[in-house]
Amino acid sequence: MKYNEGIYGGPALEELKQLYGTEWHRNSTDSWYFYKRLGIISLIKGVPKHKTLSTRTHTGIGRATAASRGAAKRAKAASRGAPSHLSSDPRYEAMKQIMFQEEPRTTPQLTEEDLERHQTILRADMVVKMKASRARREERENKYAAMEAAYEALEKADERLFKAACVRDANVVFPRQMRVPTETPPTKIWDYLK
Amino acid sequence: MFRRSVVATLGQGVRLFATSSVVRNTSVRAGVLLQRDPIITQQTSGFEAASDRYFEWLHYISAEKFPRDFFFKKGSSAEAKWMELEDMRASEWYFDKSSKPEFKSVKRAVVDEDAEAGDVDEVVSRTIEVQPRETEADKKGDVKSLERKLDRTLYLLVKDSDGKWELPAGTVAEDEVLLDAAKRSLKETCGGRMSVWMVGNGPVGHREAGANTAFFVKGHILAGQAVADGKLAQDFKWATREEVEAAVSSDYWQSVKGMFSSV
């Protein structure tokens, strides 16, 4: 059940609350879930939780006694419009600062020479990358061509071996010992199986 | 497989006298292109390395202000390390020297003297020992070692009775397939103390030499070492692409070079 939309076109929770107060859900097991969800909603709206519940509900009674102990503090927080149980944690302040920081990011200022230098470096980098990419493609194409030529030669040389070579195995997997290259080698570089 | 070959095979239909070496009088040999894959990554050098540094610096100076109070606890060793790095980086500048900002240290005045002393010990105990990229085998130039040239692919070459360096190859038995023949001939030539993963069922390249045609199946050595017992192979070595080109005959190289990786 959503707060603002009802199920199957029925009235929404908000409407129900407005119409009948909190009495309509008192007997149901939904009441605990409603209290939890209301907590989230009141957080979003910035209203303290205990203010939205009447003290006559099951859950409301328990909360009321706890609230009465720190009532003065919470009332002060409520008057500011901020949820009281959140202000004690300093991380929330830090998070707000990061999200809504006043200092915008500054872009670097380049002179004419700087710009020319930058464009030259960028162009050279593109050329190097293009050459490397073409070399890799050429290598790949050469490997494929060699394999294709080998299959054609095998077909002419031996029919039986060719047919066996064309068999594709199902579920081919790489062995676990084929490690990914790292920047520096391991302490024991190669296992000689002695 | 390859469309042309498959279509041709289907088009021929069933052949009643399908025995080996019918169409062309060559005997098939099965060989192995055995490679040890690179163990370490390639390191950029020269222009590439310099341009990488430049672009990294450009990102650094254009970045958002680093929220140090969010990431570091005041007076922690992590903060001390970061402050050290930041002050070191401040000297880096690739634009016009006149536009370089004045050096302003990010370090905070140390309040607690004892805490600073403690931090130094902590830093020392955390250093990680990193293995060198150049090994003993590199320095000695030991071509039989599998720990040489860690950033390159090494290929197994064997020296036959004539003194020619070639990829290991052997004959194919009557009831054998190419893959099994390749594995068996590798074992016979170089010994069985190698853990090898063979790729697929078919060849990656071939070499036509008169009456023989050798078809090479690719394999990756995962562990172990080759042994040249002198019967089928006088000697062996693990060579990079350039070293293979230098060792084998020029027409042999022209036939097989397509199979080799450049790295």
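This is a predicted model: local features need pLDDT of at least 70, side-chain atom pairs count only at pLDDT 80 or more; totals for chains, interfaces and linings use all residues.

User: How much area do chain A and chain B bury between them?

Analyst: The size of an interface is often given as the accessible area lost when the parts come together. Carbon and sulfur atoms carry 63% of the area buried here. The total for chain A and chain B is about 6,100 Å².

User: How many residue pairs are in polar contact across this interface, and how many salt bridges are there between the chains?

Analyst: The polar pairs count with both residues at pLDDT 80 or more, and the rule finds 17 of them. Over all chains, the search of the whole structure gives 20 salt bridges. Between chain A and chain B the picture is 17 residue pairs in polar contact and zero salt bridges.

User: Which residues touch the most other members of the largest nonpolar core?

Analyst: This core holds 37 residues. The largest share, six residues, comes from helix 7 of chain B. The members touching the most others are B:Leu34, B:Leu156 and B:Trp238.

User: What does B:Leu156 touch, leaving out residues up to four places away in sequence?

Analyst: B:Leu156 is one of the residues that touch the most other members of the largest core. Its partners include B:Leu34 and B:Trp238.

User: What share of the residues in chain B is buried?

Analyst: Chain B has nine helices and eight strands. Of its contacts with a separation of 6 or more, 67% join residues 24 or more positions apart. Chain B has 263 residues, and the buried share is 38%.

User: How far apart are the closest N and O atoms of A:Lys96 and A:Glu93?

Analyst: Both residues lie in helix 6 of chain A, three residues apart, about one turn of the helix. A:Lys96 is partly exposed at 45% relative accessible area, and A:Glu93 is partly exposed at 47%. They form a salt bridge, and the distance is 3.9 Å.

User: Is B:Glu79 buried or exposed?

Analyst: B:Glu79 forms a salt bridge with B:Arg108 at 2.5 Å. The pair links distant parts of the chain, 29 residues apart, with B:Glu79 in helix 4 (residues 77–89) of chain B and B:Arg108 in the loop between helix 4 and helix 5. B:Arg108 is partly exposed at 31%. B:Glu79 has a relative accessible area of 2%, which means it is buried.

User: Which residues do salt bridges with shared partners join into one network?

Analyst: B:Glu79 and B:Arg108 are one of the bridged pairs. Both belong to the network. The members are B:Arg68, B:Asp69, B:Glu79 and B:Arg108.

User: How many residues apart in sequence are the parts tied together by B:Arg148 and B:Glu243?

Analyst: Their side chains meet in a salt bridge at 2.6 Å, N to O. B:Arg148 is buried at 5%, whereas B:Glu243 is partly exposed at 25%. B:Arg148 lies in the loop between helix 6 and strand 2 of chain B and B:Glu243 in helix 8, so the parts tied together are apart in sequence by 95 residues.

User: Which residue has its backbone oxygen 2.7 Å from a polar atom of the side chain of B:Thr153?

Analyst: B:Thr153 sits in the loop between helix 6 and strand 2 of chain B. At 4% relative accessibility it counts as buried. Its contacts beyond four places in sequence include B:Gln35, B:Ala239, B:Ser261 and B:Val263. The backbone oxygen at 2.7 Å belongs to B:Val263.

Conventions: Residues are numbered from 1 along each chain as its sequence is written. Chains are lettered from A and ligands numbered from 1 in the order in which they are written. Side-chain values use heavy atoms; hydrogens and water are left out. A nonpolar core is a set of buried Ala, Val, Leu, Ile, Met, Phe, Trp, Tyr and Cys residues joined through side-chain atoms within 4.5 Å. Buried means under 20% relative accessible area, exposed over 50%, partly exposed in between (1.4 Å probe, protein chains only). Helices (H or I, at least four residues) and strands (E, at least two) are DSSP runs, numbered from the N terminus. Contact means heavy atoms within 4.5 Å. Buried area is the accessible area (1.4 Å probe) that two parts lose on being put together, summed over both. A salt bridge is a side-chain nitrogen of Lys or Arg within 4 Å of a carboxyl oxygen of Asp or Glu. A polar contact is a pair of N or O atoms within 3.5 Å; within protein, one must be able to donate a hydrogen and the other to accept it, and residues adjacent in sequence count only if both atoms are side-chain atoms.
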